[in-house]
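The following questions and answers set values against definitions. Please consult the sequence and structure shown here.

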Amino acid sequence: MMKQVIRIAGAAAALVWLSLGAGFAQEVTPEPAPEATPTAPVFVRTMIVEAPDATHERQFFGRIAALETADLSFEVPGYLSVLNAPRGSFIEEGEQIAGLDLGAFERTVERAELNLAQAERDLERFQTLAQRNVSSEVQVQDAETARDLAEVALQDAREALADAQITAPFDGIVADRLVATFTNISPGQPIVRLHNMSETRVEFDLPERILAMIGDPSLVEFSTILPGQTEPSVLTFREIEAETGSVGQSYTISLAVEGQVSGLVLPGKTVTVTARLSIQDDAIPLPATAVITRPNGDTAVIGLLETDGALRPEFIPVDVRSSTGVELAVSGIEPGTEIIELGGHLIADDALLARYTGLIVEGN
């Protein structure tokens, strides 16, 4: 009897549990699956690839230079009495710069003139005596030789008198005075250092690598703005120093300033030389940040491809070279293509892109 009661109670409990489970199953409904969150676009800064410029331009630091610099000196010794050479002053061609005391030279010329006159009288006398058969032909020849020697002595005296003065051989600037007035001067002793400014030169150092790239410097268009001027002056190639400098592999290029030079332009003053060279090249200069390296080692740039109203990356393979070691030139991309300028190495193949236009948001 007791066992039958237990079975009835267990069956009742089972029925209660089943009814509760069925009710719970009817009341609890499963939650809907969350919707997929759209991928946020990557904002990128872009640029438009421009057509290659056929003219390459560079700037160099140059300096004003004279056509030549000469140390002027006397060919004869003497006492320096005149020295008209203020440093930095302009001297015109033919203007006197320095002079020796002319007294001794003038007396030498007078003695030579007197000796020549006496030699000519002696020659006439011996010629007359020879016609009368009083003197021999040898005496006449000796008199002619004495006359010729007197002429040479007079010519030397006059040249020494002329050499006792120094005149400017060209239009120039006095760079320095090397002696003082009222001193005894020996032949060949430098007196004045003079810059020849009949043609104003501009010199600058051209690296060996760039010289090898341009080839003939005479094909390059050079210009500069001289001190005191606002318009550029055309420079013409004159010469190149055929050996490199002591500090770096560079050659000195010498250019001539075309036209009149106005203002005070002294040798040594620095100027900026602009060089332009026309080169037929299909390569397009791009910033180094726009070029990326693919996992397989190829170089590429990332263009913007619009599909279904969205921007996707388009990896464009390009060939890259650098002629200067600083700027990159690429080929294999068409001008007018919009590419990513910065941060291309962070872009995945299937990334969603958006143009970066700045941090300012326009609104009401």
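Q: Which residues is Asn 84 in contact with, leaving aside its neighbours within four places in sequence?
A: Asn 84 is in contact with Ile 91, Glu 95, Gln 96 and Ile 97, where contact means heavy atoms within 4.5 Å. The model is predicted, so local features need pLDDT of at least 70, side-chain atom pairs count only at pLDDT 80 or more, and totals for chains, interfaces and linings use all residues. Residues are numbered from 1 along each chain as its sequence is written, and side-chain values use heavy atoms, with hydrogens and water left out.

Q: Why is Asn 84 called partly exposed?
A: Its relative accessibility is 37%. Buried means under 20% relative accessible area and exposed over 50%, with partly exposed in between (1.4 Å probe, protein chains only). Asn 84 therefore counts as partly exposed.

Q: How far apart are Asn 84 and Glu 95 in sequence and in space?
A: They are 11 residues apart in sequence and 9.5 Å apart in space, C-alpha to C-alpha.

Q: What makes a set of residues a nonpolar core?
A: Such a core consists of buried Ala, Val, Leu, Ile, Met, Phe, Trp, Tyr and Cys residues joined through side-chain atoms within 4.5 Å. The largest one here has 22 residues, and those touching the most other members are Phe 74, Leu 80, Ile 97, Leu 100, Ile 191 and Leu 194. Another core, of 21 residues, lies apart from it and includes Phe 60, Leu 206, Tyr 251 and Ala 275.

Q: Which residues does Leu 100 contact, leaving aside its neighbours within four places in sequence?
A: Among them are Phe 74, Val 76, Phe 105, Ala 164 and Ile 185.
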